[in-house]
Structures are given as structure tokens and as C-alpha cells.
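Trainee: I would like to go through this model by question and answer. Please start with the terms.

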Amino acid sequence: MKVLLSGNEAIARGAFEAGVSVAAAYPGTPSTEILENVVQYEDIYAEWAPNEKVALEVATGASIAGGRALACMKHVGVNVAADPLFTAAYTGVRGGLVIITADDPEMHSSQNEQDNRNYARFAKIPMLEPSDSQEAKDFIKLGFEISEQFDTPVFVRITTRIAHAKGVVEQFDPEKPTVPEQLEKQPQKYVMLPKNARARHPLVEERMVKLAGYAENFAQNVVELQDTACGIITSGVNYQYAKEAFPGYSFLKLGMVHPLPIEKIRQFASKVDKLYAFEELDPFFEDQIKALGIDIIGKDVFPLCGEFSPTTAAKGIGGAAPAAREEPLLEYLPPRPPNMCPGCPHRGVFYTLKKMKVFVTGDIGCYTLGALPPLQAMDTCICMGASIGNAMGIAKAMKNEAAGKAVAVIGDSTFLHSGITGLLDIAYNKGACTVMILDNRTTAMTGRQEHPGTGYTIRGEETKSVNYRTLCAALGIDHIKVVNPFDLQELEEVITEEVNRLEPSVIISEEPCVLHRRGDKKAASHIYMVNDEACIGCKACLQVGCPAIEWRKGEDKGKAFISPNLCNGCTVCAQLCKKEAIIEKK
Ligand code: SF4
Ligand code: SF4
């Protein structure tokens, strides 16, 4: 049967068809929907892990038991999982192990655009790269076969366009997941003491040689020999772009991007007059092909940064651009800067932090939007969990502890992902820092996934929920306060008290994401409006940047207007209006 699937949906289907028994992930754009679609297949055990390292460790354990296992993450998630990844490359697998890395050229929703093809080379494991949804599905099964044949984890790399674009996919009957009957003890293979690891390393090198031979005949490394004036070596979505720009040229489309099929590349190069490497981000193919002594044009004519398009191919290679449709379209799109939702519980927190002029170390999530105008209340944002360590470093570098008191702001999911150890450091090494945990009861930024603090699993079953107060106290934090983020006065009083306390402290802001209040009709039951007669046009209410508040030009300065369709009744703007012009709408 043929269906229309996104790349992420296709990967989930591929896992089902391949008989995967365990799948684990931490949400991260553009990979999130893979696991969200895996849950529709009852035969697969699926879990949101607290972070990518745990996800890969769970998948590795399932593989060691003998089941096929899938771990999914965005590109920066592989950094978090890198520790088990590099050693899983040594141990190899029992059941197949496939790791999805979803890269994000152009950084649509990421803090960097690292090219994770480098991880395949670095960790010495093979990597496949599909160029459409059909391949996204089919490469999962292929990945498991390669994994088991060569005793190795296998990467499948996608990029944002493959993850989110839809294409026609032919589906096949699924294999039944393997349920291992008994565990096999193989300490030489799985206990990576130096003695055993030394024995495994040569096997890894031998495996790469065998895989390089396999790549030569890998059916998904496809040569399309047409006009030989120009040959293009490419992979993934870049194949689609180049093909659209130059359908008549010759192509070597690589389905396996590591290791490269050296002889196939040599032969292809010998048949074309001019050879191009058309690849987003790093010169991964180009550098390796140049090292073979083959002339190839790459980053001299194509950008190192950002996403490609058919126009990129046309500009770099020369010739008429394909029906140019990107730039004119952009002219008509009004700018829509990202913003927190109306009624978001984070808005008052950042308004208060800005008002208090404290140095704020931030973190990854919806609340990173607190860095943008008009709030502009975040001074650093590096990676998941970094806010707490950053605040600690600032406090220790500034010998005057009062001057160095920074406030770390971190969401609940991010705190559980990789903030706990930072807080432990602050408690243990006596950091004069205040950590604000913005507990909105969900992983909001990626679409409200469950996590260990929500009380629900990915399948919606009730489960244990972290008690942040107990956890922080157990880590050694003596000063823990809980605040209502919609009460600006309380927020200011509590933050002032804790910032002036030269000891570790935690403030927990407790209020669910406005999109996530389970059965709570509070937001819908009362909204706010502006009394035109009382409004003096001072614009104080605009300082919180709520999208529900519009500015209507009038005879004088103009007046605020609250869209009744957008307001969620959080009360924050009403607290800022000195004229009491913002009133509850009955
Ligand atoms: S803060 Fe009050 S008076 Fe000032 S613009 Fe807003 S609604 Fe009008
Ligand atoms: S009460 Fe004010 S700040 Fe809150 S959602 Fe409504 S308009 Fe926005």
C-alpha cells in the first residue's frame, strides 16, 4: 500500500517493518515526531528518556539482549550521547542498533548547525542518508541488516527537510520483533575494560575496511550517467535540489555517506569532465575525495553555512536557475518573530528579571525566547543544562560574590535532561547562585512531550513524577522557594531575597504551559480587555510582549487593545497598568 508520509513518519514505519522491539528518544526538532509515530505500533516498546545519552544506553541494552533497537535524537543530542556512542562502536551489537541523527542546516530550531556526518567518521560507524520519505523508511531496515551483518551500530542521518517533507511511501508487511529467550554473557565483548577494549579496537578497524568494500556494491550508492560535461556527487535532500536544477547532468547519489565507495567515486570522476561535491555544511565528501588526488569543486562555489536549495546548485555550477521561487515568495511574507504564547507562565519571570537588571544565564526551551525583544532578559544560552554551570562559573570568577550573583533560568524538562548535575555542583562547591526552575509540566518547545516530571509516559499511562523540592533538597540546596509566575509582586520579592542571599538557592516557578493545562478551564473562563476611556497610551503593558496586546493608533498616542481571541487571562499585563485600564472581561 502507498501512503503519504513525512520522513519522520516513514522512519517510524521503517522501525515497525524492521521488527524493532525497543525505541528511545529525547524530543528535539527536527527528530521529535519519529518517536511520536513509533507509539502507534503496539509491538514496539517506546520511551521518552530523560536525555539522549540515556536513550542510547537503553537502546544499546536492548541490542545487547538481542532485540532490534532504535535511538532517535537531533544533531546536538548526539553530543550528549557521544560517550556511550563511541564505546558502542567498540562493543558492537547483538540485535541491530540504529541511531537517528536529525541535523538542522540553517538552524531552524537549534543552537548550532554541526554536520553529524563527522560523527560517523569519528566514531567509526557506518552512516546512511536517505533522500526522500521512501528511502527514510527503507534505510531503517537496511540499517538493521548492516548493523547485524557487521556487528556495529549504524547511523541514519536526516536533515530538517527530509524529516518534515512528505512523500509517497510504499509500505510492506512488518517483521515480528525478536523477543530474546535468554541473555548471553559475553564480557569480552561488552565489558570495555582496557584489556577487552584493546582487543575490540582492531576489530573496529577491520570492520571499517569490510564496510568500505560493502559500500562499493551498496545498491543505494546510485550512479546516473547522463550528460558527462558535469558530474555531481551528493546525498540526502541535496540530491533533490541538484537534480531539480540540473536534471540532465550525471549524478553519484550516495545512500551510504560513510564509508565512501572510493572505487565507485574514482570511476565516476573518470567519466565526467567536471566534478562537483554538492553537500550542505562541511566539505565532508570534498575533503576525502581531494585526498584521493581527484579534482573536485565544492566549497569554492557552494556555501559552508546554511541550507541549500536548487538555486544554490544553479549559482555554484552555473547556468540558468530553476524557476526561481524562493526569493520573491519571501518578499510577501510578513516577518513573524518567535514569541511566547499569550498567557505563557514564563513571560512574567523574564519581565521581572529584566526589571531587576540581574545577569541571567539561560537554557534551551520556549523560555529561550526571553532573550528577544521586548523582554531581552537572557545573557547566555549555550546548550542543554548549561545555564547552571555557567552561573556557577560566573559566581566563582567574580571574586566579589555579590557582583557575580547570576540567576540561572532552566525549564523542567531541560533540568531533568542535564541540569541536575550542575545543581549538584553548586550545592557541593558552594556556588553563590540562584537557579530558577520554570516548571511548566511539559517539554513545551518541541510540542509538549511527557518527561519524568509530568507523571505520564509517552503512551499516556500514569507514572511517578519528580518532586523538584525533594530532589533539590537531596542535592544539598537549603533555600528552596516556590512561586506563582503570574504574581509579579511575589516574583520580585522572592527573586530579590534569593539574589541577595550569597548561598545556593532554587526558585521553582510552578504553572503549567498555557497549552497544556489538563482539564483546567481557567484560561478560557476569564480574559482581559482594555477600557478605552481609562487607557492613557503609556505603553507599559507592551513591555511584556504578549501577542494578544495590539496597539491601535488614535488621535493622540493611540491605545492598547487586547484580542479576545488570543488573551488567556494570565493577568500579567493588568498588573503593569497603573491606570487600571486592563480589566477582566465578564
Ligand atoms: S498600560 Fe494601561 S494605560 Fe498604559 S497603554 Fe497599556 S492599557 Fe493603556
Ligand atoms: S492577560 Fe494580558 S498578558 Fe495575559 S494573555 Fe491576556 S493580554 Fe496577554
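Mentor: Two residues are in contact if their C-beta atoms, placed from the backbone, lie within 7 Å. Helices (H or I, at least four residues) and strands (E, at least two) are DSSP runs, numbered from the N terminus. This is a predicted model, in which local features need pLDDT of at least 70 and side-chain atom pairs count only at pLDDT 80 or more, while totals for chains, interfaces and linings use all residues. Residues are numbered from 1 along each chain as its sequence is written, and chains are lettered from A and ligands numbered from 1 in the order in which they are written.

Trainee: Why is helix α10 largely enclosed by the rest of the structure?

Mentor: A residue is buried if 20 or more other C-beta atoms lie within 10 Å of its own, exposed if 12 or fewer, and partly exposed in between. Those buried in α10 include G236, Y239 and A245. The cover over them includes β7, α7 (160-164), β10 (227-234), β11 (249-253), β13 (274-278) and α13 (310-317). Helix α10 spans residues 236-245 and is largely enclosed because the buried residues number 9 of the 10.

Trainee: Which strands stand at the edges of the sheet?

Mentor: Two strands pair if DSSP finds at least two bridges between them. The open sheet has 7 strands with mixed pairing, in the order β3-β2-β4-β5-β7-β6-β12. A strand with a single partner has one side left without a neighbour in the sheet, so the edges are β3 (45-48) and β12 (256-258).

Trainee: What is the bridge partner of L70 in β5?

Mentor: Strands β4 (residues 68-74) and β5 (residues 97-103) run parallel and are joined by 6 bridges. In β5, the partner of L70 is V98.

Trainee: Which element supplies the largest share of the side of domain 1 that touches domain 3?

Mentor: By an automatic or database domain assignment, domain 1 covers 2-216 and domain 3 covers 346-510. Their contact takes 15 residues from domain 1 and 15 residues from domain 3. On the domain 1 side, β3 and α4 (75-91) each supply at least two residues. The largest share, 3 residues, comes from β3.

Trainee: How many charged residues are in the shell around ligand 1?

Mentor: A residue is near a molecule if its C-beta atom, placed from the backbone, lies within 6 Å of it. Ligand 1 is surrounded by 15 residues, the closest being C535, C538, A540, C541 and C577. Ala, Val, Leu, Ile, Met, Phe, Trp, Tyr, Cys and Pro count as nonpolar, Asp, Glu, Lys and Arg as charged, and the others, Gly among them, as polar. By class the shell has 11 nonpolar, 1 polar and, as charged residues, 3.
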